[in-house]
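Reader: I am new to this structure and would like to learn how its descriptions are reached. Could you take me through the terms one at a time, setting each value against its rule?

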Amino acid sequence: MSALVADRAAPPTAALRRAWARAAWLRERGMGASILVAAISSAFGVLLLTATGYIATWARTDPYLGDSETVAIILGILSVLLVGVAVYVAAIVTANTFATIVAGRTRQIALMRLIGASARAQRRQVGRQGVGVGLIGATAGLVVGAAVAAALVRAADALLHVTVGYAVLQPVLLLPAAVVALTTWAGAWSGSRRVLAVTPLQALGGATPRTRDETRSRGRTTVAVALGSAGAPLLAGGVVVGTASPLGVIVAFFGGVLSFTALALGAVLVMPPLLRLSGRAFGRSAPARLAAENALRYPERASRMAIGVVMGVTLVVMFAVASASVKALLTAAADGVPAAELSRVLDTFAAIMMGLVAVSAVIAAVGLVNLLTIGVVQRRRELGLLRALGLSSAQVRTVVLLEAVHVTITALAFGLVLGVVYGWVAAQSLLGSVALPPSFAAPTVVAPAVPWMPVLIVVAATALLTVVATVVPTRLATRVSAVEALAE
């Protein structure tokens with residue numbers, strides 16, 4: 001009885017310490033970035049829904065647009081597609097992040113298995129952490145997004161010199177937050193499947209990435225092939241349907257989602273041949289050879305890092321190529337001198353779309369930085385072994401930097417190719433049925449146009465992200481002595 005009274009009379013600081021200890025997993029490296037990804041996705045959904053709702057409300061007050069539902073339908077479809085793309089990217093980034101975190105916990109999970117915990121119980125724990133990350137990030141994004149949306153609505157009223165009377169706080173804003181929380185949990189659950197393969201005997205070893213043979217999964221390969229087999233014909237079908245109707249772009253959209261999901265699932269099979277091809281350009285020095293071999297020896301780790309770069313680059317380049325191709329086609333149809341008003345509208349629309357798509361690219365960039373940082377910190381034992389074998393701290397940092405550069409350059413080139421292909425398919429499936437001069441006959445063939453400025457910006461941003469994400473954590477990892485690193 002006295003113990004019960006003492007527990008009830010425990011000072012608040014003791015309860016806070018217990019709560020802080022239970023939430024220790026939130027301080028694990030990688031969780032903060034996952035919360036940030038969920039928050040960005042949720043806030044983006046809130047802002048996009050608010051913007052489309054505001055524009056639709058304003059359009060209904062216009063005497064020319066008020067009786068037409070076309071604007072509202074177009075805005076609704078556009079908002080759903082863009083939020084869907086952002087959530088899709090966030091789900092893949094979250095799954096890769098949790099897979100990397102679980103890989104670093106291999107020894108801890110094996111110890112729990114050794115004392116009687118089941119693999120499914122360990123996986124449920126990771127799933128609960130995914131729910132926590134999703135709820136925290138989605139709630140924070142909802143609050144911040146609503147606050148920013150309210151400020152933007154006031155600014156729009158002042159800029160347009162109207163009072164639209166749009167209410168920002170609406171139940172529909174809960175939808176993106178709920179979707180983000182659900183997909184974050186799904187990403188964590190998907191990324192934690194490696195828990196089921198951890199054996200108690202692994203408690204005696206370290207947390208090492210799986211090799212090429214260990215990453216071969218017949219189930220994942222089968223799903224990737226099935227999705228690719230469905231996505232590729234839909235892409236081609238979108239182009240064919242586009243010769244008769246602009247609705248072909250919808251068919252091509254689903255083909256793009258399915259085919260890119262197939263690439264994401266089959267990245268372990270797709271990336272190693274590309275890495276082997278690009279690795280020859282790094283020379284024959286010891287650090288360069290170690291970097292190239294590490295990327296090939298552990299394809300799972302390299303593929304997780306690469307797929308984030310591929311996603312971001314593909315999205316930005318796809319929209320840039322699609323808009324540039326449409327503008328080039330209309331310019332050619334106007335004998336090389338497009339109407340100034342039309343050119344202004346196209347440039348404005350392209351800038352808005354690029355700004356919206358850039359949110360998904362930022363999510364992918366956060367994932368890249370997060371995975372590179374986690375990977376370097378989790379490899380302290382490996383880096384300590386290299387130093388024990390005679391490599392200097394500068395050479396070890398060079399190995400890690402070259403490995404990251406190797407992966408990102410390969411992913412950048414692959415993303416550029418995919419972006420050009422997807423962008424051309426989008427433009428062709430949208431405008432293939434439009435009869436334009438000089439022939440005034442369909443189908444119209446859209447030639448792909450590559451705008452070099454967005455491409456150069458993407459290349460520069462990727463290079464900067466790689467350096468920032470590797471130099472700082474590598475310095476921290478190499479400050480530890482070789483003996484201390486090997487003892488971990």
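Reader: Why is Phe253 called partly exposed?

Author: The relative accessible area of Phe253 is 30%, and the rule calls a residue buried under 20%, exposed over 50% and partly exposed in between (1.4 Å probe, protein chains only), so Phe253 is partly exposed. Phe254, at 48% relative accessibility, also counts as partly exposed. This is a predicted model, in which local features need pLDDT of at least 70 and side-chain atom pairs count only at pLDDT 80 or more, while totals for chains, interfaces and linings use all residues. Residues are numbered from 1 along each chain as its sequence is written, and side-chain values use heavy atoms, with hydrogens and water left out.

Reader: What makes the rings of Phe253 and Phe254 an edge-to-face pair?

Author: The structure holds one aromatic pair. The ring centres of Phe253 and Phe254 are 5.5 Å apart and the planes stand at 75 degrees; rings of Phe, Tyr and Trp (its six-membered ring) pair if their centres lie within 6.5 Å, and planes under 30 degrees apart count as stacked, over 60 as edge-to-face and the rest as tilted, so this pair is edge-to-face.

Reader: How do you know whether Thr314 is buried or exposed, and what does Thr314 touch?

Author: Thr314 has a relative accessible area of 4% and is therefore buried. Thr314 is placed in helix 12 (residues 299–333), where a helix is a DSSP run of H or I with at least four residues, a strand is a run of E with at least two, and both are numbered from the N terminus. Not counting residues up to four places away in sequence, Thr314 touches Phe260, Gly415, Leu418, Gly419 and Tyr422, contact meaning heavy atoms within 4.5 Å. A polar atom of the Thr314 side chain also lies 3.5 Å from the backbone oxygen of Gly415.

Reader: What makes a space a pocket rather than a cavity?

Author: On a 1 Å grid over the protein atoms alone, a cavity is a set of points where a 1.4 Å probe fits but cannot get out, whereas a pocket is an open set with protein on both sides within 12 Å along at least five of seven lines, and lining residues have an atom within 4 Å of a point. The largest pocket has a volume of about 1,600 Å³, and of the 46 residues that line this pocket, the closest to its centre are Leu81, Val249, Phe319, Met353 and Ala426. Helix 4 (70–104), helix 9 (248–265), helix 12, helix 13 (340–378) and helix 15 (393–431) are the elements that give two or more residues to this lining.

Reader: How many cavities are there, and which helix gives the most to the lining of the largest cavity?

Author: The count comes to five cavities of 30 Å³ or more, and the largest cavity has a volume of about 70 Å³. Among the residues that line the largest cavity are Arg301, Leu371, Glu403 and Thr470. Helix 13 gives the most to this lining, with four residues.

Reader: Where does Val179 lie, and why is Val179 called partly exposed?

Author: Val179 lies in helix 7 (residues 174–191), and its relative accessible area is 34%, so Val179 is partly exposed. Val179 and Ala38 are 141 residues apart in sequence and 10.0 Å apart in space, C-alpha to C-alpha.

Reader: What is the secondary structure of the chain?

Author: The chain comes to 17 helices and zero strands, and buried residues make up 43% of its 488 residues.

Technical notes. Polar contact = N/O pair within 3.5 Å; in protein donor to acceptor, adjacent residues only side chain to side chain. Points joined across faces, edges and corners; volume = space filled by probe spheres on them.
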